[in-house]
Amino acid sequence: MWDSLWHKGPIGTMAAGRDAPYGAIEAGAIAVEAGRIAWLGPASELPGPPEDLARDCHDLEGRWLTPGLIDCHTHLVYGGDRAGEFELRLQGASYEEIARAGGGIRSTVSATRAASEDALLEAARPRLRHLLAEGVTTVEIKSGYGLSLEDELKMLRVARRLGALEPAEIHTSFLGAHAVPPEFEGRDEAYLQSVIDMLPAVAESGLADAVDAFCEGIAFSAEQTDRLFAAAAAQGLPVKLHADQLSDLGGAALAAGHGALSADHLEYSNEAGIDAMARAGTVAVLLPGAFYVLRETKLPPVEGLRAAGVPIAIASDCNPGSAPVTSLLLMLNMACTLFRLTPEEAFAGVTRHAARALGLGASHGSLEVGKAADFAVWEIERPAELAYRIGFNPLSARIKAGVRSQVGPGPATS
C-alpha cells in the first residue's frame, strides 16, 4: 500500500509539456511512498478504491493541490535591522549613497558579527516560519553578512540548523563576495583574494551548495567575479550571481559564461546577456520586492527573457536592507503588477523555475512521479487567486516529503 493518497480535487502539476494551464488535472489523485510521488493522474484511473490503496487517504474536498513553493533567493540569516536606512531613503538618500557612507550591507555585517550563532538562529527562525506558513517547502539562504571565514561559516551553520529544526529543505550559498568589510577599506583586491582563499575551507565544510557574488559598482567588478567563479569551479561548487541590479556590468553574460544556475535581479541586463543565459540554461531570478522597496524605475527585460526562452523565477530576496520581505505570495502579485508576468508565469517562477535555479529541477518544483512529495493545498477556486489577492493566505495544508505539517508564522522579529 502507498503511505498516503490525496484525491477529490484539482491538481496543478506545473509539469512542463502539459497542455492544460498550470499543468492541471481537474479531478486528480496523487499518491506518496517514502516521501516521493508514487502515482499521479486522474482519479478515475486509480487501480482500485482509494481506501484499499493507501494507509492514509485525504479528501481534498475540491481544494487545489500544487507543488510546494520554493523561495530560491533569500538572505534570511542576519543580525539587527535597517529601518533607519528605510527612513533615509524616504528622505532622498539613494541605496548607493547609504552604502558608500558605511551603511547598507556593512551595517548588517557589524550586527551579524556581534551576534552569537544561537542569537542569529532565534532571529531567523520566525522569518523562515512566515515563509513556510504560506506553503513554502524549500528555501535558499545566503551568507554574506560575515565577510570573514569564521563569520561566514557561522551564518551557513545557522542556515543548516534551521533546516533541522523546521520542516523545510534548506539550500545554501556562500556569498563572501557581497561587500568589502571595513578592515579591507580601499583594498578590494586583497579582500577578493581572501574570499578566494576561503573557498577550500567552505567546500570542505559541506555547508555551501553554491557560491554567489554581488557584481556591481559598489561591490565587485566583472573581472573580479570572473576570478572568483573560476576558483569556485576548481572546488566543484556551482555558482549564482547578483547581476545587473543597479547598472549594466555584463553580469548576465558573465554568469552564463560560467554556467551559473541563475543570474538574479537583472534590471539592467542587455540583449547579449539574455542570449548568453538562454544558451547556457541559466535561470533569471527576478526580485520584485527589492525593486519595490528601492523604488526602482528600470524594469527587468521580461519581454527579452520571454522571447529568448530564458526560464524566469521569482523570489523574496528576504534581507534587512532592500527587501524586508517574508511573503512569497506577495511577490507573486508584485511580479504580475510591477513586471507584467501572467499569474501562471509567476507561479512557475516559485515552483518549476525556482527549483531549476537551485539545481533541483530533477527532483522538485513540479508534481511528477519520482519527485519529492512537497505539496501545498489551497482554499481557492483557481490558481490565479494566489497572485491576485494581496495580504491573504489561502493555504489549507502544507506537505513536506509526504508529511503534513502545520507551520504558524511565529512572532515578529527584526
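Keep in mind that the model is predicted.

Let's start with Asp212. You will find Asp212 in strand E9, which covers residues 210-215. Is Asp212 buried or exposed? Its relative accessibility is 1%, so Asp212 counts as buried; the cut-off for buried is under 20%. What does its side chain meet? Now the wider surroundings. Setting aside neighbours within four places in sequence, Asp212 is in contact with Lys142, Ser173, Phe174, Leu175, Ala177, Leu228, Phe229, Lys240, Leu241 and His242.

Leu228 takes us to the next stop, a helix pair. Leu228 is one of the H8 residues in the contact of H7 with H8. Helix H7 is residues 188-205, and helix H8 is residues 222-234. How are two packed helices described? By the angle between their axes and the distance between the axes. Here the angle is about 15 degrees, and the axes are 9 Å apart. Angles under 35 degrees count as roughly parallel, so H7 is roughly parallel to H8. The crossing is right-handed. Which residues make the contact? From H7, they are Asp188, Glu189, Leu192, Val195, Ile196 and Leu199. From H8, they are Glu223, Gln224, Arg227, Leu228, Ala231 and Ala232. By type, that gives seven nonpolar, one polar and four charged.

Next, helix H13, residues 328-337. Why do we call H13 largely enclosed by the rest of the structure? Because eight of its 10 residues are buried. Here they are: Leu328, Leu329, Met331, Leu332, Asn333, Met334, Ala335 and Cys336. Look at the N-terminal end too. Ser327 caps H13 there. A side-chain oxygen of Ser327 lies 3.0 Å from the backbone nitrogen of Leu330.

Last stop: backbone angles. Lys8 is not a glycine, yet its phi is positive, about 65 degrees. Lys8 belongs to strand E1, residues 2-12. With a relative accessible area of 52%, Lys8 is exposed. Glu61 is not a glycine either, and it has a positive phi of about 55 degrees. Where is Glu61? In the loop between strand E4 (54-59) and strand E5 (64-67). Glu61 is exposed, at a relative accessible area of 57%.

Methods. Residues are numbered from 1 along each chain as its sequence is written. This is a predicted model: local features need pLDDT of at least 70, side-chain atom pairs count only at pLDDT 80 or more; totals for chains, interfaces and linings use all residues. Side-chain values use heavy atoms; hydrogens and water are left out. Helices (H or I, at least four residues) and strands (E, at least two) are DSSP runs, numbered from the N terminus. Buried means under 20% relative accessible area, exposed over 50%, partly exposed in between (1.4 Å probe, protein chains only). Contact means heavy atoms within 4.5 Å. A polar contact is a pair of N or O atoms within 3.5 Å; within protein, one must be able to donate a hydrogen and the other to accept it, and residues adjacent in sequence count only if both atoms are side-chain atoms. Axes are lines fitted to C-alpha atoms, for helices over the stretch in contact, and angles run from 0 to 180 degrees between N-to-C directions. Angles under 35 degrees count as roughly parallel, over 145 as roughly antiparallel, 65 to 115 as roughly perpendicular and the rest as oblique. A crossing is left-handed if the near helix is turned anticlockwise from the far one by less than a right angle, and right-handed if clockwise. Ala, Val, Leu, Ile, Met, Phe, Trp, Tyr, Cys and Pro count as nonpolar, Asp, Glu, Lys and Arg as charged, and the others, Gly among them, as polar.
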